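Student: I have a model open and want a quick tour. Can you walk me through it?

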Amino acid sequence: LQPLPPRARTVNREGTAFAVTPDGYLVTATHVVQPRADDLAESAYLQYLAISGRAHDSRIAAKWVKDNAAVPVGLTPLETIVRPVAAGAAAKVNRAAAPEIVETDNLRDIAVLRVPNLQDAPALGLDRGVASGTPIATLGFGSEDPFAGEQRGALIPAVRTGVITRTGPREDEPLRILSFITNEVERGDSGGPAIDANGRVRGVVLIKRQAGGGAMAPTDELLRVLDRANVRGWEGRTQGLYREALARASRFDLAGARTDLRRTLASYPAHGLAAYEIARMDDLEQARLALAGEPWYRGGLWAAAVSALVLA
């Protein structure tokens, strides 16, 4: 047994989720809400090293768990919570919630959650395309070193860009279909969306590969799990308003974009980035900056970040 000091005895397993319906259905990775024994052992040892002031990263923890065949014992699950993205004025009305686990698929590593009493949430549309070379951006709360310092300020996901390389069975799991991506995902990105230039989901991020890049469950696999849960994904009013605001901004109609962003906030006051973008557009107008040079994934970030949630 590896005794843990008091500060290391509560182990957080974090990941990312995103809304697929306006009434509170979320998607994440099964291993985020139902961690495997080896995941928990790695998280516990990683936390132990960090708190002890020793060198630590996920590779060190994974090697120690493998070399020692370590498994956690005496664990008591405490809680699963979701916290919405918090940015701008909307951060004041965002609240954590305890979700219901609706469906889990261990083979596909996809889980469907439900946050009760949620209405008009900004949900992401789904696209089944996985053509090689498709540019995508992953959104998530992963970090190379989650113990480097406490997270301060707004809760905004990191964006990591790359492309889809190939889709097919995993060599050691022939029944499991994955799309491999060049995005350098990190621990904590699991369960987050991989989005295209139109802000639509092409897959669910699941794996950080030791050789570089990552892997995701393609949208076809996600749809199978949603179908089993009797959930049909749709974007709804809030996301439509937000998408129109982005379209107006791309046409340099900043006044119209601000109007649609205010309508977005009226539809869903906890929208994480709408108020932030209103202030940003005011700054752009004052400085007379052109939007033409914005990277393509910004639209996806705005679309996806508002519905990504961190699970601890």
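Tutor: We go through the barrel, the cores, the helices and a few loop residues.

Student: What kind of model is this?

Tutor: It is a predicted model.

Student: OK. How many strands does the closed barrel have, and in what order do they run?

Tutor: The closed barrel has 6 strands. The order is 6-7-8-11-10-9, with antiparallel pairing. From one strand to the next, the twist averages 50°.

Student: Take strand 10 and strand 11. How many bridges do they pair over?

Tutor: They pair over 5 bridges, in the antiparallel sense. To find the pairing on screen, look for Gly203, which stands opposite Pro218 in strand 11.

Student: Which strands does helix 4 touch?

Tutor: Helix 4 packs on the sheet and touches strand 8, strand 10 and strand 11. The direction of helix 4 makes about 50° with that of strand 11.

Student: Which residues of helix 4 are buried?

Tutor: Thr219, Glu221, Leu222, Val225 and Leu226. Seen down the helix 4 axis, the buried residues fall within an arc of 155°, so they line one face of the helix.

Student: And what follows helix 4?

Tutor: Asn230 follows, with a positive phi near 60°.

Student: Which residue is the bridge partner of Thr138 in strand 7?

Tutor: Arg160 is the bridge partner of Thr138. Strand 7 covers residues 158-170, and strand 6 pairs with strand 7 over 6 bridges, antiparallel.

Student: How many bridges are there between strand 6 and strand 9?

Tutor: There are 2 bridges, again in the antiparallel sense. Strand 9 is residues 193-195. Ala137 stands opposite Ile195 there.

Student: Switching to packing. Which residues touch the most other members in the largest nonpolar core?

Tutor: Phe18, Val27, Val112, Leu206, Leu222 and Leu226 do. That core has 25 residues. Several elements each supply at least two residues, including strand 2 (25-28), strand 5 (110-114), strand 8 (173-181) and helix 4 (219-228).

Student: Which strand gives the most?

Tutor: Strand 10 gives the most to this core, with 4 residues.

Student: Next, the hairpin of strand 4 and strand 5. How many residues lie between the strands?

Tutor: There are 4 residues between the strands. One place to look is Thr104, which stands opposite Ala111 in strand 5.

Student: What is the phi of Asp109?

Tutor: Phi of Asp109 is near 60°, a positive value in a residue other than glycine. Asp109 lies in the loop between strand 4 and strand 5.

Student: Is Asp109 buried or exposed?

Tutor: Asp109 has a relative accessible area of 6% and is buried. The cut-off for buried is under 20%.

Student: And Ala69, buried or exposed?

Tutor: Ala69 counts as exposed, at 63% relative accessibility. Ala69 also has a positive phi, about 50°, although it is not a glycine. Look for Ala69 in the loop between helix 3 (58-68) and strand 3 (82-84).

Student: Geometry check. What span should helix 6 have?

Tutor: Helix 6 covers residues 254-267, which is 14 residues. At 1.5 Å a residue, helix 6 should span 20 Å. Its end C-alpha atoms are 20 Å apart, which agrees.

Student: Which residues are buried in helix 6?

Tutor: Leu254, Gly256, Ala257, Arg258, Asp260, Leu261, Thr264 and Ser267 are buried in helix 6.

Student: Last one. Where is Arg209?

Tutor: Arg209 is in the loop between strand 10 and strand 11. Arg209 is partly exposed, with a relative accessible area of 33%.

Student: Which residues does Arg209 touch, leaving out those up to four places away in sequence?

Tutor: Arg209 touches Phe180, Gly214 and Ala215. As for Ile181, Arg209 is 28 residues away in sequence and 9.6 Å away in space, C-alpha to C-alpha.

Key:
Residues numbered from 1 in each chain as written. Predicted model: local features only at pLDDT ≥ 70, side-chain atom pairs only at ≥ 80, totals over all residues. Heavy atoms only, no water. Core = buried A, V, L, I, M, F, W, Y, C linked by side-chain atoms within 4.5 Å. Buried < 20%, exposed > 50% of the residue type's maximum accessible area, 1.4 Å probe, protein only. Pairing = 2+ DSSP bridges. Axes fitted to C-alpha atoms, helices over the stretch in contact; angles between N-to-C directions. Contact = heavy atoms within 4.5 Å. Arc of directions from axis to C-beta. Expected span 1.5 Å × (residues − 1).
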